[in-house]
Amino acid sequence: MIAKNINLDPFKNTKLFTFERKVGVVRYVASFLGVLLLGAVIVAAQGEDPLNAALLILDGAFGGKIQFGNTLRWATPCLFNGVAAIIAFRSGVNNLGIEGQMYIGAFTAGVIGYFCNLPPLVHVIVCLVCAGLAGVVWVAIPALMRLFFQINEYVTTMMMNFIATLLCDYFVIWKIIPALGLTTTSARTPTIQNTAMLSTIVQGTTASTGFFLALAIVLLVFALYRYTIVGYELKQVGENLRFAQVGGVNVKQTFLAIFALSGFCAGLCGGVEVCGGYHKYVSNFSTLMGWEGIMIANICNLNPIALIFVSLIWGALKTGAMAMERATSLNRLTVNLLQMIFVLCVSIDYEGIFRYFEDRKRKRAELAALNGRGGEG
């Protein structure tokens, strides 16, 4: 249902350069310049040319069809997990269990993709939908604990990450591999059937149609929060629980819906990783993808449109770092370190800093005015 009488556009009838927007510009410019300078110092300290390292990263991310395909491949989980984090945090829910929900989704897709015999299109849809629903089931546990027992979801969602990874490994190592009589040195399910695989969009890479699915979900979430009453209610629950109750919002139902939507996107990410990337469930396949989604959501200030651009940049840095590592003595962890530092820089309370100096300036002006009046007397 489209909201007609509620102003859901926060930028309508506002000045172009508000205080918040000025702070936002300073936040990103200062963080970018600071990380750029620090990165140059770190690279130079290791005996490499910072400019050459930067050019290698750009070439590794956008230097050709294969490189760009790899960028899209690594941007895909950023989009899924980033939008899962945005749904939760924008609505006041602290879902730190995105990593675990993704693992449960990946395991579910891996099992259905191998054991079930279904027609091509139906098979991949079933795998992805079941992966998303598995994420919903997993996130429902901390959601119900918060709703009925008032247990903080910070703790429960984080602990569910460890349980998810260990539980998936248990079923793979002690149930699936022995049952199939496989001989393997790693915890992984067999390769899924071809009917369960997503189409490749760039040949020679594992970039799949999952990227377009992620893009569509991000745009749907943007439209949901900006143009619908449902999105308005989700935001109200997050911003002011009592106000939402007085306004007639079914808080319990909405609260569970927030968890479910976030968990579905995280589980779906795991499904896409299996159906479009690894083509099997692999133990520890995630290099902190869930946490990266949370960090990216923080960088883009919970804005779904900004998420698209930040995810592409994040994917480009990951792809370019691999190319840089092959061509220099630098380790790709150097780029990862700079990414983490950028997240920390963006998280600084620039608004508080601005207000502090503005208050000092105002007090000095008031003191000067009082001194001027005293001199006149």
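**The cavity and its surroundings**

Modeller: Let's start with the contacts (heavy atoms within 4.5 Å): of those in the chain between residues at least 6 apart in sequence, 77% join residues at least 24 apart. Bear in mind that this is a predicted model, where local features need pLDDT of at least 70, side-chain atom pairs count only at pLDDT 80 or more, and totals for chains, interfaces and linings use all residues. Numbering runs from 1 along each chain as its sequence is written, and side-chain values use heavy atoms, with hydrogens and water left out.

The chain has 14 helices and zero strands, counted as DSSP runs (H or I, at least four residues, for helices; E, at least two, for strands). Its C-alpha atoms fill a box of roughly 100 × 60 × 35 Å along the principal axes. Of the 377 residues, 44% are buried, meaning under 20% relative accessible area with a 1.4 Å probe, protein chains only.

Now for your close-up. The structure holds one cavity of 30 Å³ or more, a cavity being a set of 1 Å grid points, over the protein atoms alone, where a 1.4 Å probe fits but cannot get out. The largest cavity has about 50 Å³ of space, the volume filled by probe spheres set on the points. Lining it (an atom within 4 Å of a point) are Arg 73, Thr 76, Thr 206, Ala 207, Ser 208, Val 272, Glu 273, Gly 276 and Gly 277. Helix 3 (65–90) and helix 10 (251–278) are the elements that give two or more residues to this lining, and helix 10 gives the most, with four.

Conventions: Buried < 20%, exposed > 50% of the residue type's maximum accessible area, 1.4 Å probe, protein only. 1 Å grid on protein atoms, 1.4 Å probe; cavity = no way out; pocket = protein on both sides within 12 Å on 5 of 7 lines; lining within 4 Å.
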